[in-house]
Amino acid sequence: MILTIGNTKGGVGKSTIACNLAVTAAYNGQSVLLIDADIQASSLAFRATREKNDIQAMAVTTPTLHKDLIKLSSFDVIIVDSGGRDNAVFRSAIMACDTLVIPCLPSQVDFWAASDVIEILKEARVYKDITAFFLLNQVVPNTNLGKEAKEAIKDFNVPLLSTAINSRVAYKNSFGQGMGVIEYSDSKASKEVRSLYGELFGG
Ligand SMILES: Nc1ncnc2c1ncn2[C@@H]1O[C@H](COP(=O)(O)OP(=O)(O)OP(=O)(O)O)[C@@H](O)[C@H]1O
Ligand SMILES: [Mg+2]
């Protein structure tokens with residue numbers, strides 16, 4: 001399965017989510033390839049910091065992703081961390097995947113920005129079946145923003161994953177150490193990521 005984590009908006013948690021899902025897939029016995037399609041190379045930096053050798057990572061920052069990844073199908077799971085720009089590489093990362101996860105922050109402004117991704121998704125779907133989901137990230141518990149966001153995305157016709165990722169320091173701190181939150185000392189964050197993995201991969 002090829003999973004792209006994509007949003008043309010920057011700073012919504014694409015790299016954080018891509019790396020955490022890669023770690024969780026590896027813990028579930030899957031062979032994992034993490035593709036960094038962003039010239040900022042956050043996922044490669046994560047891999048470089050990571051001590052365990054359970055994830056392979058490489059950069060593909062050319063708009064040939066949708067052609068190149070097919071040839072890497074010996075991996076159980078390929079996770080693509082897309083860059084935060086609407087460009088040919090981003091479109092290629094969407095064309096490459098079976099499933100697209102669009103992380104969004106729970107503010108109205110972020111959801112309006114998501115219309116760019118939805119347009120690109122529509123174009124890609126002319127050529128290929130792509131399953132797509134929104135994912136709420138950096139939710140602050142007990143605020144109304146999450147509810148507002150859920151209302152706002154109804155217009156896009158793309159379902160929202162029932163797992164939401166809360167704002168927790170564990171996501172920041174573990175990333176800097178090349179670890180997933182499931183390896184870190186925050187059981188709530190760990191539970192969220194396992195739940196997200198289960199929704200996407202059924203495991
Ligand atoms: N759930 C979370 N809780 C706390 N901090 C988070 C969470 N998700 C992401 N962050 C932090 O928010 C910032 C942006 O996250 P990240 O780098 O994953 O986003 P991105 O979409 O990959 O950004 P870019 O577009 O720059 O590549 C980082 O500092 C990260 O540690
Ligand atoms: Mg990133």
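Axes are lines fitted to C-alpha atoms, for helices over the stretch in contact, and angles run from 0 to 180 degrees between N-to-C directions. The model shown is predicted, so local features need pLDDT of at least 70, side-chain atom pairs count only at pLDDT 80 or more, and totals for chains, interfaces and linings use all residues. Residues are numbered from 1 along each chain as its sequence is written, while chains are lettered from A and ligands numbered from 1 in the order in which they are written.

**View 1. The crossing of helices H1 and H2.** The axes of H1 and helix H2 (residues 42-49) come within 9 Å and cross at roughly 40°. Helices (H or I, at least four residues) and strands (E, at least two) are DSSP runs, numbered from the N terminus. H1 and H2 are therefore oblique to each other (angles under 35 degrees count as roughly parallel, over 145 as roughly antiparallel, 65 to 115 as roughly perpendicular and the rest as oblique). Ser 15, Ala 18 and Cys 19 of H1 meet Ser 42, Ser 43 and Phe 46 of H2; two residues are in contact if their C-beta atoms, placed from the backbone, lie within 7 Å.

**View 2. The crossing of helices H4 and H5.** Helix H4 (residues 88-96) and helix H5 (residues 108-125) have axes that come within 10 Å and cross at roughly 55°. That angle makes H4 oblique to H5. On H4 the contact is made by Arg 91, Ile 94 and Met 95, and on H5 by Ile 120, Leu 121 and Ala 124.

**View 3. The largest nonpolar core.** A nonpolar core is a set of buried Ala, Val, Leu, Ile, Met, Phe, Trp, Tyr and Cys residues joined through C-beta atoms within 7 Å. This one has 59 residues, and Ala 22, Val 32, Leu 34, Ile 79, Val 80, Ile 102 and Cys 104 touch the most other members. Helix H1 (residues 14-27) gives the largest share of this core, eight residues. Leaving out residues up to four places away in sequence, the contacts of Leu 34 include Ala 18, Cys 19, Ala 22 and Ile 79.

**View 4. Leu 105 in its loop.** Leu 105 is found in the loop between strand E5 (99-104) and H5. Leu 105 counts as buried because it has 20 C-beta neighbours inside 10 Å (a residue is buried if 20 or more other C-beta atoms lie within 10 Å of its own, exposed if 12 or fewer, and partly exposed in between; C-beta atoms are placed from the backbone). Leu 105 and Gln 138 are 33 residues apart in sequence, yet 6.1 Å apart in space, C-alpha to C-alpha.
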